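Thank you all for coming; I would like to walk you through a few local features of one model, with the cut-offs given as we go. Please have the sequence and the coordinates open while I talk.

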Amino acid sequence: TSALMAVACGRRLLVPFGGRLWAGRRGPLRSVASAAPLYDVVVSGGGMVGSAMAAVLGHDSHFQDKKIALLEAGPRKEYDCMPDSYSNRVSSISPGSATLLSSFGAWDHVCSLRMKPFRRMQVWDACSEAMIVFEKDDLDDMGYIVENDVIMSALTKQLDAVADRVEVFYGSRAVGYTWPLPSPSCDASPWVQIELADGRRLQTKLLIGADGHNSVVRKEAEIKNIEHQYDQSAVVATLHLSEATDNNVAWQRFLPTGPIALLPLSDTASSLVWSTSHEHASELLAIDEESFVDSINSAFWSNVNHSDFIDTAGAMFRSALSLLKPSGTAVRQLPPSIAEVEPESRAMFPLGMGHATEYVQHRLALIGDAAHRVHPLAGQGVNLGFGDIACLAHHLRAASFNGSDLGSLKHLLKFETERQRHNVSLIAATDMLKRLYSTKLTPLVLLRTWGLQATNALPPVKEQIMAFASK
Amino acid sequence: TARRLCSTSHSSVDPAEVKKFQLLAHKWWDEEGEYSALHSMNDIRVPFIRDTLLSMSSNYQLGSPLAGVKVLDVGCGGGLLSEPLGRLGASVTGIDPLEDNIRTADQHKSFDPVLAKRIQYKSSSLEEIVEESMETFDVIVASEVVEHVADLEMFIKCCSQVLKPEGSLFITTINKTQLSYVLGIVVAEKLLGIVPDGTHEWERFVPPEELESLLESNGFSVKAVQGMLYNPLWGSWSWVGSRSINYAVHAVKPRAQGQHSPAAALPELGAEQPSATGTAV
């Protein structure tokens with residue numbers, strides 16, 4: 001019978017859970033008395049999303065008797081003093097994400113360090129006059145531009161505050177995961193086994209994969225990932241404005257090669273995110289600082305891509321709209337001009353999109369870029385991750401208060417359904433926008449020109465877009 | 001020999017009923033298997049027990065809301081209800097007449113050191129533990145059990161004996177109506193296979209009125225009777241107004257005779273945690 005049981009344990013099982021395949025390495029017949037410490041939740045990946053997930057659970061009184069661990073491959077970074085110059089990696093934080101961060105005290109730290117709220121977002125086309133402006137009626141903050149280091153500093157502080165509940169393992173890369181069978185029928189351990197690079201082992205009732213778009217957790221779980229490398233790279237840099245201004249507008253212009261965005265950091269500085277072809281990106285990094293600044297100003301101000309046809313068609317449409325909406329569309333503002341770039345702040349990284357077909361399996365949940373990767377043109381990347389955290393924490397809280405096994409697929413599927421519904425539409429819309437704006441072909445330019453102008457004239461539609469994006 | 005109210009020669013355990021569960025003793029923990037309806041019943045019966053107990057207590061910790069509560073799970077089977085109650089902090093004793101069930105339950109809890117300590121399983125009938133457990137438990141849970149016992153009145157008397165004064169008794173069972181025959185036996189067992197064929201006998205079903213009067217005549221005060229309904233499409237349970245098929249009962253044992261002080265029914269939840277970590281929020 002033990003031979004039979006060994007076969008049963010080693011065999012891959014097809015479970016009728018909507019056709020979900022139980023793939024991945026299954027545990028061999030393992031003795032029950034294994035010395036590996038058992039955790040209730042292990043978060044793999046100590047970036048912004050992984051750290052925030054661990055902090056949210058650690059600060060929640062429902063989990064005060066649970067053992068939580070965070071695995072981070074890199075060393076512990078000290079963020080005691082922020083350098084005077086701004087880092088070139090920044091994120092646009094939505095009000096929803098700010099609410100999540102303040103729920104466990106991290107937002108206070110962010111505010112006391114530095115961040116820039118913005119009230120307005122102007123997005124316009126390089127091939128036409130079409131423009132759309134987003135702003136809240138009450139001129140409330142639409143979002144916040146925060147350096148990633150500032151967020152990490154706040155998260156690290158809040159993790160330290162609950163060090164008795166959340167164990168953080170720095171310099172600990174996970175090299176192998178072993179998944180349990182869904183229904184325990186033999187002597188094998190029902191928990192997820194994690195093997196670290198230094199040979200240490202951990203066991204957990206629930207593994208949360210937050211290890212980025214090249215997620216090892218996702219690969220080991222053999223979850224199919226729909227991915228696509230864009231033929232674009234993003235160039236980032238910290239820029240100094242020509243003159244100090246009430247810098248509370250986020251600017252984005254769609255060039256045929258890709259969108260260029262200016263995100264406010266302070267009254268005199270802004271962050272650049274310029275998505276363009278790989279060749280152009282390398283060129284931008286190679287040229288001298290003055291030429292670099294000239295390219296940026298030209299990208300925002302030049303009208304070389306306009307054509308008379310499109311301009312006329314656009315003007316006609318705009319007059320038609322103003323018949324319906326006499327109040328007209330918002331006034332076009334001009335973006336600030338750039339004086340210089342912060343030395344050594346230019347960098348580039350490749351762009352792609354990705355979406356995991358499953359976010360969850362028995363005892364496993366993926367959050368953040370491990371589950372979905374999006375183009376930065378919508379400024380949503382990390383906000384989707386924070387949204388994942390809020391949703392997963394909610395379901396885990398309910399499961400814990402019901403005495404359920406935290407790794408049970410029942411509540412994990414609820415998390416997956418809720419988030420996929422939200423994320424898929426946003427990722428698809430972002431991808432579509434990226435493709436729509438990557439061309440100079442007249443019919444498509446006309447389509448997007450009219451589309452943008454029409455949307456700009458419809459406050460209810462804009463409000464819906466803003467509400468969706470600020471979750 | 002002392003005359004006990006519940007003698008083992010006249011037991012509430014029916015051997016024929018016990019035999020029905022023998023074959024499925026290994027299937028308890030397959031969430032998609034024969035016992036899937038019982039697994040999903042946890043989604044309503046655990047909150048029912050938890051919220052009722054919390055409403056009767058003055059303070060508790062969110063992490064272990066039932067800490068310090070001693071629970072007896074009668075007819076625990078594979079431990080499907082014992083484990084969630086244990087995770088909520090309660091000290092659970094699970095008893096079942098079938099040894100194979102207890103073996104399955106013990107094996108399943110053994111992997112979790114916290115549960116292994118909080119839950120104790122015993123292969124025994126209710127009568128057999130009465131003598132050593134007089135007025136020991138704060139809570140008794142008899143879920144999907146009373147429709148299988150041979151002598152319901154004796155079962156209730158034994159419950160009363162092992163329950164502390166002002167302790168709570170939770171029962172879930174099936175009503176004896178035409179509807180419960182059609183849906184509970186014909187559809188659930190013969191047609192859809194929600195319940196293994198032959199598990200239930202309609203003759204044994206207990207109408208809530210009969211259960212209520214038996215409880216009241218044995219000193220219990222019935223606090224709540226609530227209908228439950230299973231939706232086979234979604235595999236989920238919900239609370240409903242009608243008690244025609246499934247229903248749940250909460251009853252409380254009266255305060256001990258001669259006591260005037262209105263002592264709280266339960267110990268201060270959260271006060272007796274041996275390994276309390278962190279500060280109460």
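Helices (H or I, at least four residues) and strands (E, at least two) are DSSP runs, numbered from the N terminus, and angles run from 0 to 180 degrees between N-to-C directions, with axes fitted to C-alpha atoms, for helices over the stretch in contact, where contact means heavy atoms within 4.5 Å.

This is a predicted model, in which local features need pLDDT of at least 70, side-chain atom pairs count only at pLDDT 80 or more, and totals for chains, interfaces and linings use all residues. Residues are numbered from 1 along each chain as its sequence is written, chains are lettered from A and ligands numbered from 1 in the order in which they are written, and side-chain values use heavy atoms, with hydrogens and water left out.

Pairing requires at least two DSSP bridges between two strands; β3(A) and β7(A) (residues 143-147) have four, and A:Val90 has A:Glu147 as its bridge partner.

Finally, A:Leu321, in helix α9 (residues 308-324) of chain A, has a relative accessible area of 14%, and therefore counts as buried (under 20%, against exposed over 50% and partly exposed in between, with a 1.4 Å probe and protein chains only).
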